[in-house]
Amino acid sequence: SDHMENIYGYLMKYTNLVTGWQYRFFVLNNDAGLLEYFVNEQSRHLKPRGTLQLAGAVISPSDEDSHTFTVNAASGEQYKLRATDAKERQHWVSRLQICTQHHTEAIGKNNPPLKSRSFSLASQGSANSPGAQRRPSQNAVSFFSVGHHRLPTGKRVPIMQPDHLVDVREMMSQAEGQQRDLIRSIECLPASGHLTSLDQDLLMLKATSMATMNCLNDCFHILQLQHASQQKGSLPAGTTISWLEPKISLANHFKNGAAQNFPAEINKPASVREEQSVAEPCQLTREPEEINPDEELEDICDDKEDDLGAVEEQRSVILHLLSQLKLGMDLTRVVLPTFILEKRSLLEMYADFMSHPDLFIAIANGGSAEERMIRFVEYYLTSFHEGRKGAIAKKPYNPIIGETFHCSWRMPRSDVATDAGTNSSAHSPSEQGTLPKDPEGQAEPDYYTVKFVAEQVSHHPPVSGFYAECVERKMCVNAHVWTKSKFLGMSIGVTMVGEGVLHLLEHGEEYTFSLPCAYARSILTVPWVELGGKVNINCAKTGYSASINFHTKPFYGGKLHRVTGEVKQNMTNTVVCRVQGEWNSVLEFTYSNGETKYVDLTKLSVTRKRVRPLEKQGPFESRRLWQHVTESLRDGDIDKATEHKRALEERQRNEERLRAETETPWCTKYFLKDGDGWVYHKPLWKTVSAAQTQQTDSN
């Protein structure tokens, strides 16, 4: 072919984080099916610095820019290359693809399929080299084989029904397990000797077996879409399309309808097989659920993230991951290793920002607009310390779309500061003679209740909505956050895009606020968390605002976790309060009258949240959803935790793909889209307004 000529020239090759991109001289040897590179053109007569077998390789233009592309060899090795412009990239990519296809087809012709069903390795105990005993046309594929089933000729294939698709899925799951066993058998071979794990034929077998399973999965997906499209026209409005895979009980949240028992996958660990075989009927619904706070119990879970061992042991994994990343790369779609995970979902982390409900409720008790703004700033700055579980920077679980988290806090009324700044209740018996009564005439409890709900409303982009309210004090907060993470070299930055609004209904005030950026520093040693960026808090009605700066540590000198801020009256531009200190240690508030107040966060009392037991939680609630990942992390079983996490994420991807193909929109449960944000479906400002309207009408 005219397109099979050898080509050569300079390309940039990405080496690692230290050396970055370097110019290298590349040669495409079409006859041998090799891509070789040298330090420069003058050293071309020397031994290549690197060589890739192109048979079975995948050539992929990158979507990062118009110059970059990757060559993924069947051996698992990858070259990340960059041409000078888009035209040169296309020239290299097209020639590499032609060469790859030619040599891949040649291997297929020289190695016809075998008929044996044995998956075991050939004996390695022979004194003679198996490689030396092979004929020139024979390769390592002869040591492995898979079964082949042929349909009787002349028979028409019937249309696949849903139960048939389930059977196919089960058979494919077994085939995938056998394929993984095959890969493990190859990788367990010694690195040297007669038959090694680096044998080129065995590496080719690994790549082609994986490609075969990927092809079968694509075909199965086409069958699913075909079946869904056949039924789409007859589905009534509002019908939920169920995923057609077997409803295994992994994480106890993917079942829809009656319970069914399916054969366990033979390749799964015993604990996973047992877990998947448990049948628990449940009916999934997207209708909002009213959570009774009386069903919630004080949380006894105390997962402190203080284990450094896993991070030290897995440093090689981190290095490998870093070698695949690019400065500024969005990490939203990057799957991070399991051992860096916290034992909680991101939705629960947002709830932990409410761990000082006494300071939250006290905002509404402020006697003036100035005092209420200062109290809100005090609550805001004390919320981040408890949001972190220990000094090590670990990552909470990425919430699954539709995942929710519910909890509440009970705070004795006597522990909440009044407008006078004391710790006696604003509604104490000494002030009112008797406790207030509800409409049924029963005395209200002597505590306030703060209820919290969070929901993952979007997967791409990842957006979470959360809402908290205290009905007794007629106050609530609604927020939505889009987490954007980027790779910054030796750290990872997370930007919290979104806005929150605190509503004080008794005063008719709304306080808008944003969240700072977060950084995971020193990710190769002992990672730690740092906050950075400027945050603004505003109340349009009163004209008070606050500007808060979270300072990142400079390269030389400086303090960690430093924060400064000021509260001022916009109309007069008068500063009424200044704050400085560390957001995880001691904060100093200096008021306009010269008084100073110190808040030691390490000694600040934390109110434990109240959560329903797992058996009473819904299938999409965070702790029940991630319970098996959490249990495995507590036991230190990283492999098992990874398996559970992968199953959750894979199911989410499959369901998202099916919804896209069938044009089925996702319906949220508790939050409604409102412009660029998300609002709780039944916020307190609506229910209070409706109650006041009803009372006015009755009068």
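**Salt bridges, cavities and an open sheet**

The count of salt bridges comes to 20. The model is a predicted one. Side chains of opposite charge can pair when their charged atoms come close.

One of the salt bridges joins Asp299 and Lys609, with the closest N and O atoms 3.9 Å apart. Asp299 sits in the loop between strand 8 (297–298) and helix 6 (309–313), and Lys609 in the loop between strand 23 (596–600) and strand 24 (610–611), so the pair ties together parts that are 310 residues apart in sequence. Asp299 and Lys609 are both buried.

Arg473 pairs with Glu506, and here the closest N and O atoms are 3.4 Å apart. Arg473 is buried, at a relative accessible area of 4%. Glu506 is partly exposed, at 42%.

A further salt bridge connects Arg612 with Glu621, where the closest N and O atoms are 2.2 Å apart. Both of these residues, Arg612 and Glu621, are buried. Through shared partners, salt bridges also join Asp299, Arg344, Glu348, Asp352, Lys609 and Arg623 into one network.

The structure holds four cavities of 30 Å³ or more. The largest cavity contains about 170 Å³ of space. It is lined by 13 residues, of which Phe353, Tyr379, Ser383, Phe466 and Phe513 are the closest to its centre. Helix 10 (residues 369–387) gives the most to this lining, with five residues. Twelve residues of the lining of the largest cavity are nonpolar, one is polar and none is charged.

The second largest cavity has about 50 Å³ of space. Among the residues that line the second largest cavity are Phe466, His480, Glu499 and Phe513. Strand 14 (475–487) and strand 15 (492–504) each supply at least two residues of this lining. Strand 15 gives the most, with five. The lining of the second largest cavity divides into seven nonpolar, four polar and one charged residue.

Elsewhere, seven strands form an open sheet in the order 4-3-2-1-7-6-5, with antiparallel pairing. Strand 4 (50–53) and strand 5 (58–61) stand at the edges with a single partner strand each, so one side of each has no neighbour in the sheet. Neighbouring strands of this sheet are turned by 35 degrees against each other on average, direction ignored. Strand 3 (residues 34–38) pairs with strand 4 in the antiparallel sense over four bridges. Leu35 stands opposite Leu52 in strand 4.

Definitions and conventions: Residues are numbered from 1 along each chain as its sequence is written. This is a predicted model: local features need pLDDT of at least 70, side-chain atom pairs count only at pLDDT 80 or more; totals for chains, interfaces and linings use all residues. Side-chain values use heavy atoms; hydrogens and water are left out. Two strands pair if DSSP finds at least two bridges between them. Axes are lines fitted to C-alpha atoms, for helices over the stretch in contact, and angles run from 0 to 180 degrees between N-to-C directions. On a 1 Å grid over the protein atoms alone, a cavity is a set of points where a 1.4 Å probe fits but cannot get out, and a pocket is an open set with protein on both sides within 12 Å along at least five of seven lines; lining residues have an atom within 4 Å of a point. Grid points are joined across faces, edges and corners, and a volume is the space filled by probe spheres set on the points. Ala, Val, Leu, Ile, Met, Phe, Trp, Tyr, Cys and Pro count as nonpolar, Asp, Glu, Lys and Arg as charged, and the others, Gly among them, as polar. A salt bridge is a side-chain nitrogen of Lys or Arg within 4 Å of a carboxyl oxygen of Asp or Glu. Buried means under 20% relative accessible area, exposed over 50%, partly exposed in between (1.4 Å probe, protein chains only).
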